[in-house]
Amino acid sequence: MEIIVSANEARKSSPIPPPDMKGAHVAGMEAYRSLVAEAEADYSGYWSRLARQFVSWKSDFTVGLDDSQAPFFKWFADGMLNVSYNCLDRQVERGLGGKTALVFEADDGQVTRIDYRELLARTCRLANALKARGVSKGDRVVIYMSMSIEGIVAMQACARIGATHSVVFGGFSAQSLRDRIQDAGAVMVVTADEQLRGGKRLPLKAIVDEAIALGGCETVRDVLVYRRTGSDIAWDASRDRWLHEETDGQPQNCEPEWVGAEHPLFILYTSGSTGKPKGVQHSSGGYLLHAALTTQWTFDLRPDDVFWSTADIGWITGHTYIAYGPLALGATQVVFEGVPTYPDAGRFWKMIQDHRVTVFYTAPTAIRSLIKASEGNEQVHPQRYDLASLRILGTVGEPINPAAWEWFHRHVGGGRCPIVDTFWQTETGGHMITPLPGATPLVPGSCTLPFPGIAAAVVDETGAELPDGQGGILVVRKPWPSMIRTIWGDPERFRSSYYPPELGGSYLAGDGAIRDPATGYFTITGRIDDVLNVSGHRMGTMEIESALVSCTDLVAEAAVVGRPDETTGEAICAFVVLKRARPSGDEARQIANELRNWVAKEIGPIAKPKDIRFGDNLPKTRSGKIMRRLLRSVARGEGIAQDTSTLENPAILEQLAQSN
């Protein structure tokens, strides 16, 4: 069965040519095509050349790709390096010690700047403190902190001594934290007394205590606590240690632990609705290469840029495009503790103005929420602020619908800033399909072309490549340096999840995609498990969501899921947030019919939602991700038995359940 996706959203506009960027790292499509051709001619040699260009090696490697134990691929395996050295020492040695590395803006607006020399010294002091507590190469350390300089230092300190870190997002529950500590076999947890978000104090240390009390965390010997707020907290003198007391007096020099390129740098857990969390294991050498390379090429990063990724270090974006990629290039970057709507919805724009941000990377969910906030409120509209410093915009986390793309481009970028709509995953380590701002003509709603060296394709269920214009399953034909190495402690789950035999050795991304016959551009149509089968037709949920949100006079946000239907097999259920007050009664029915007809016009009658429910908001995590698995339960009339502790707004589930 073909996946029915019109790709109309990505075709409505003619491609927008890139600005004249003669000094770009990849300038023009000829330069892009030359890199693609180099990779096709000598794949291992291409990545090896870049590895020697972007990574400093203690001892050079002799083999690029080792595929002898596929799908457990290795890259640069006999090379020796240290990731922290590459991010910090190397910058000081290059004369950048006095350059600002991090501009930290706290929730309350206080700003702290730290240069590369001080960041290295703080990393070394913590690394020495970890060693003093018995942490050594190969040990796992769980980091459960909010956005902070200390969180980044903790990651770098682990990398410096060869310990494998596992950062857990500060919004996860005690049970989720306990599961990750247990699975990783962590010997230490680094946390804070509390975190500050939106003017509120939220517990961290108390949740660590609760997680350990649940049992199964016997490997944990120490809990290091950063004093963020100074609130009174429970204390177990047998294991709890104040971070400042452990680091005070430690030497500010720490010789890096040189490790093999395949040494596990970190484990990052991805959670689903059921089952054991998956510990995605990343290497040191290959991961660092792609982090640095994509930061430079995708954002055309230059020495005088001020880079800001709004992600949290608890997610992969915060790893690659905060903790590692920008630092490996000696960049100056903004790190933000708070939320985009506190003290008001102009916070992002004010920070860009104040810090003269040049490259801004955020999530479509954040953009859509700020569009809604700025409707009718000029005080928080981006045009009220001086955003002239911006030159590159980027989006991450999910496909951006064309209406939000156009708003972002016009109102934030002033119509002059290219938008890099990046597709990638926790498992891929870095960008896989993305425009390059000095080379790629842009089409709203499309992530455009594969990053040079990434062999992406669209196939059917048997692994056969599909013609352009026909939707199917997104795969990657060849291994790449920053790919997931395995699932921690479960290699068979890795093999079955990402390399099913029917795909003939290709990596299964888990997303649907379609390529435009005219341009070859990719459009992501949604997760495969979010592809709906309605009367024998398969439709990507992202296509329907984009159609709804493109009704710009009415809709601020939309999320689409499926529910069982006796007649059609699956029915389309849409949850919609309007740009006006939530309707009820006859008004709700009238607007729902308008939206159904709109979707029929945009995609076709088969895509008309059977159910449309209106809410004041959608269920989102504190990082802004829409929890579609919870919406599926609501659509099916099921009780919510899943963990909702990461939700910013759990009460919205009851509202949506009653809106039917």
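**Binding-site residues and surroundings**

Tutor: Arg-197 is buried, with a relative accessible area of 12%. Keep in mind that this is a predicted model.

Student: What cut-off makes Arg-197 buried?

Tutor: Buried means under 20% relative accessible area, and Arg-197 has 12%, so it counts as buried.

Student: Which element is Arg-197 in?

Tutor: Arg-197 belongs to strand β9, residues 194–197.

Student: And what is Arg-197 in contact with, leaving aside neighbours within four places in sequence?

Tutor: Its contacts are Asp-107, Leu-202, Glu-337, Gly-338, Val-339, Arg-622 and Glu-648.

Student: Which residues does UniProt list for "binding site"?

Tutor: The unreviewed UniProt entry gives Arg-197, Gly-198, Gly-199, Lys-200, Thr-317 and Ser-535 under that label.

Student: Take Gly-199. Where is it, and what does it touch?

Tutor: Gly-199 sits in the loop between β9 and β10, the latter being 200–203. Not counting residues up to four places away in sequence, Gly-199 touches Asp-107 and Tyr-342. Asp-107 is also among the contacts of Arg-197.

Student: Is Gly-199 buried or partly exposed?

Tutor: Gly-199 counts as partly exposed, at 46% relative accessibility.

Student: Switching to domains. What does the assignment give?

Tutor: Domain 1 is 29–339 + 423–499, and domain 2 is 529–657. The centres of domain 1 and domain 2, taken over C-alpha atoms, are 33 Å apart.

Student: Which UniProt domain annotation covers residues 32–87?

Tutor: The unreviewed entry labels that span "Acetyl-coenzyme A synthetase N-terminal". In the model, residues 32–87 are 48% helix and 11% strand, with 27 Å between the end C-alpha atoms.

Student: What about helix α11, how many of its residues are buried?

Tutor: For α11, residues 316–328, the count is 13 of the 13 residues, so the helix is largely enclosed by the rest of the structure. Just after α11, Gly-330 has a positive phi of about 75 degrees.

Student: Last topic, cysteines. How many disulfides?

Tutor: The count is zero disulfides. For Cys-158, the nearest cysteine sulfur is that of Cys-254, 12 Å away. A disulfide needs the two sulfur atoms within 2.5 Å, so Cys-158 is in none.

Student: Are Cys-158 and Cys-447 buried or exposed?

Tutor: Cys-158 is buried, with a relative accessible area of 1%. Cys-447 also counts as buried, at 3% relative accessibility.

Definitions and conventions. Residues are numbered from 1 along each chain as its sequence is written. This is a predicted model: local features need pLDDT of at least 70, side-chain atom pairs count only at pLDDT 80 or more; totals for chains, interfaces and linings use all residues. Side-chain values use heavy atoms; hydrogens and water are left out. UniProt positions are given in the numbering used here, feature names are shortened, and annotations may be inferred rather than shown by experiment. Helices (H or I, at least four residues) and strands (E, at least two) are DSSP runs, numbered from the N terminus. Buried means under 20% relative accessible area, exposed over 50%, partly exposed in between (1.4 Å probe, protein chains only). Domain bounds come from an automatic or database domain assignment. Contact means heavy atoms within 4.5 Å.
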